[in-house]
Amino acid sequence: MNIQTSQMLRQERQNKRFTDKQTQTAAKYLRRLIELPGEPEGIEPFYYALGRIYVKMQGLDLPQGTKTVGTYCVMAPQELIYAAGAVPVKLCSGNYTAFSIGEDIAPRDACPLVKAVAGFKQTGLMPVYEDCSLMVVPVTCDCKKKVAGMLGEMCDVMTMHVPATRGDDEIDEFVSQLYTFAERLEQATGNRITYKTLADGFAKVGYAQRELSEFIRLKKQNPYLIRGSHTMAIMNAAAYMPADRWAAALNRVNVSLRRRAAAGQTVTTKKLPRILLTGSPIVFPNLKIPLLIEEMGGIVAADETCMGERGMYDPPVITDDSFDGMIRALANRSLRPCPCPTFADNSQRLYRLKQLIADNHIQGVIYHVLRGCLVYDFEYKRIEEELGKLGIPVIRLESDYNEEDVEQLRIRIEAFIELIKLRQAPEKRTEVRTAF
Amino acid sequence: MRKEIANIHSSVQRKAVTYQSEYIDTLNRLLGENEHLGELKFFLDTAYLWSNEKAKNHHKPEAVILGTGIPEELVIAAGAQPYWLTGGSFGSLAWSDDIVPRDTDPVSRSILGYICQPCGADFSDSLFIVPLSSDAMRKIAFELKVQGRSIVTIDIPPQRDDKNAKVIWQRQMQSMMRAVSQRTGVRVTRRAVLSAVQRVSRSRKALKDFLDVSRGRSDIITDSARLFVAGSYYLTDNIDSWTFRLQALTQRIYHLRMQMPFARNDRPCVLLMGSPVVFPNYKIPFLIRETGLEVLDFADQTAVKNSLICGTDMFIGSKARLIKTISSVSYMNDASPAFVNNLSLYRYVSALVQRGDIEGVVYHVLKGQIEYDFELERFERLFSAYGIPVFRLETDYQYQDVEQLRIRLEAFSEMLVHNRCREVKKAL
């Protein structure tokens, strides 16, 4: 056997090991979601989408010939991608296996999300990455900036400069970036973006936003109609489904939730502490934190992460219905209301958190920091101080995609939930859970 | 209550002592190693006056620049002498420890520490110019704003080939000039811009001459002293006097070179690059010397900036044109890791490598400055093409890892010596 053949065999073995481990992890988390009681009717399409990408390791379920455009942040407007006849796919990953491969490529202190992205791209085994005609990387942090350069050596990448402030000049500059993005999309897809196709793009995403806003309204109800982990699965699936299909599936979930509300049927009769999850994104299959919260007797009543509601929460407001007006609306939507810590002054996030706390009757906040995600870590102190004034306890959980810290996290989350329960009026307290 | 106040006082004193002993130690060592060079004393005094708390109290800087990425010509033209905060002090970290997260890089922490230092310069009326070159800088800018300080943020477009990038940078430079001009009450004129460009260019030319003349002559001036002299530009409050003194130092070194034309070079020559080494934390250059290596060149953002000398073709045109040109030149040659691809640094390093006298590279990464780590791979490819070994050295401003670093550097030094012997054997 010559050296080349033995290297090929070795590579094949490595690939198989990667595929096996990757699918096992994803399948495990999917199973945990399915086994969690209280899932709403109509959630299956979301599980299917997640399973298709991570367990079956297939590309997006799309008609043949449809192009996909990979995005690494919610600031790349989906409307433009639909207008170019392509389908957006969020490529931020929460996969531990890819993360461990990425550790050999990216620096040790890079955040796990970036390592996972680098790992997937390096293996070349995930169709969802390999199928992309173009990848767009909005530069929101140092790691994303450098990973854009790294990806640029492997595939067609467009870097998008996200300004650190949100003045009128910055909005104008972002508008011109969106025009450049439109040009790049036209080149990648071979389709022209016209007024009509852009309006269609708005309609597609608008439908999803409308359903999402109804979903959020139903989710707010107290006692709860749906668990936070199921909500996270739904929100994560949005990354791998065309907006209209996702909206139609969400519509079915909303119908079932309305039915539950009418029948007074809630996911639990107990008064569980309502937790808000904020900080670094929680990306499938790394759902260990929401699952731990709900296993420990809390409920994720709201999440402020960018893989959650933030991605589609704010609709674009068109004040001028020309083509330029629509592009301007996208730029405004991407920058002005965004509570991403990429902005130097991110007081917006504090207002948003306070609003979420009030709307969802939040009793405690879990602040998730992915190891190496400095921008979120910087904002923790101020948020802790401000929420302390409101009497809301906050806990900072630092983690990565590794599963070895699960027990440690479990103890901390359990203690936090106990603390919230002790602060509740005695008649509202529930028994401590001992078995799951 | 009294006890509490006493505790606070003793903690402030402790921090001040660490800070003071750090810069005094560095200055003493530099002086001790280069005692025969009387001309060096001016630069040591400059650093002492900048660092000393008592002297600092008299400083009331109008424009404070964080980092070295801003073209100072524009600030000088607007009537302010820039006061640079470039970090570098382990002692100053103590004043920012409670404000920033644990993983923040030491440069940013040190800069913030200088600002929050209780007995440092008086920044109450200062305008802070903050280039948002990293995540930490972005958040420090906000922290300063929360503290009620006046700030001007400069966002750095990360992709130089983006058609709007230069325009965005130029617009921000103009806003910055307007803000400085409002603060100083000095109107920006064409003559002021021209004069500033000429003064800065003269300084850079003097620095270039100094670095060329002293290159490879560690028997006359040590590598750390060369680095220190280059860095003292950011500590002076009078660049004309600094330039004049540097010219005198260069002259002296030149004469010494003439007197001792042959220098025995038994130390392997290395390039020191990556995270910038900033006064007073000189543990890396000191260690390099102690382990038998010689730093031939330095390659970082500041070194690239110092190499930018404006030609006479830049001195023509209107005031607006001059400002635009200065902004463009500074942006297109900025070698900070704030870019997707740091081409400026790559070009600079490629040119250094092509000289053919670099035997090894010490790639310095400060903990938390992850961008340098990302860039390493590309540089490794470049160096491997020339057969130059690269040594990655990760550290922070603490002095506890010195012995560990020494062992690693000694091993690298031995390897380079061995490589040299092998080359000689091959030649024979």
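Student: How many helices and strands are there in chain A?
Tutor: This is a predicted model, in which local features need pLDDT of at least 70, side-chain atom pairs count only at pLDDT 80 or more, and totals for chains, interfaces and linings use all residues; side-chain values use heavy atoms, with hydrogens and water left out. Residues are numbered from 1 along each chain as its sequence is written, and chains are lettered from A and ligands numbered from 1 in the order in which they are written. Helices (H or I, at least four residues) and strands (E, at least two) are DSSP runs, numbered from the N terminus. For chain A the count is 17 helices and eight strands.

Student: What is the radius of gyration of chain A, and what does the globule rule give for 436 residues?
Tutor: The radius is taken over C-alpha atoms, and the globule rule is 2.2 Å times the number of residues to the power 0.38. Chain A is as compact as a globular protein of that length, because the two values are close: 21 Å for the chain and 22 Å from the rule.

Student: Which residue meets A:Arg259 in a salt bridge?
Tutor: A salt bridge is a side-chain nitrogen of Lys or Arg within 4 Å of a carboxyl oxygen of Asp or Glu. The N to O distance in this pair is 3.1 Å. A:Arg259 lies in helix H11 (residues 243-263) of chain A, and its partner, 218 residues apart from it, sits in the loop between helix H1 (3-35) and helix H2 (44-54). The partner is A:Glu41.

Student: What area is buried between chain A and chain B?
Tutor: Contact means heavy atoms within 4.5 Å, and 45 residues of chain A are in contact with 40 residues of chain B. Buried area is the accessible area (1.4 Å probe) that two parts lose on being put together, summed over both. Carbon and sulfur atoms give 55% of a total of about 3500 Å².

Student: How many salt bridges are counted between chain A and chain B?
Tutor: One example joins the side chains of B:Arg102 and A:Glu398, at 3.0 Å from N to O. Over all chains, the structure holds 65 salt bridges. Between chain A and chain B the count is 10.

Student: Where are the centres of domain 1 and domain 2 of chain B relative to each other, and how many residues does each give to the contact?
Tutor: The bounds, from an automatic or database domain assignment, are 2-264 for domain 1 and 269-305 + 338-427 for domain 2 of chain B. Taken over C-alpha atoms, the centres are separated by 23 Å. The contact takes 46 residues from domain 1 of chain B and, from domain 2 of chain B, 37 residues.

Student: Which residue forms a salt bridge with B:Arg215?
Tutor: Between domain 1 and domain 2 of chain B, the count is four salt bridges. In the pair with B:Arg215, N and O are 2.8 Å apart, and the partner is B:Asp357.

Student: Which helix gives the largest share of the side of domain 1 of chain B that touches domain 2 of chain B?
Tutor: Helix H1 (2-33), helix H2 (41-51), helix H5 (106-116) and helix H9 (223-231) of chain B each supply at least two residues of that side. The largest share is seven residues, and it comes from H1(B).
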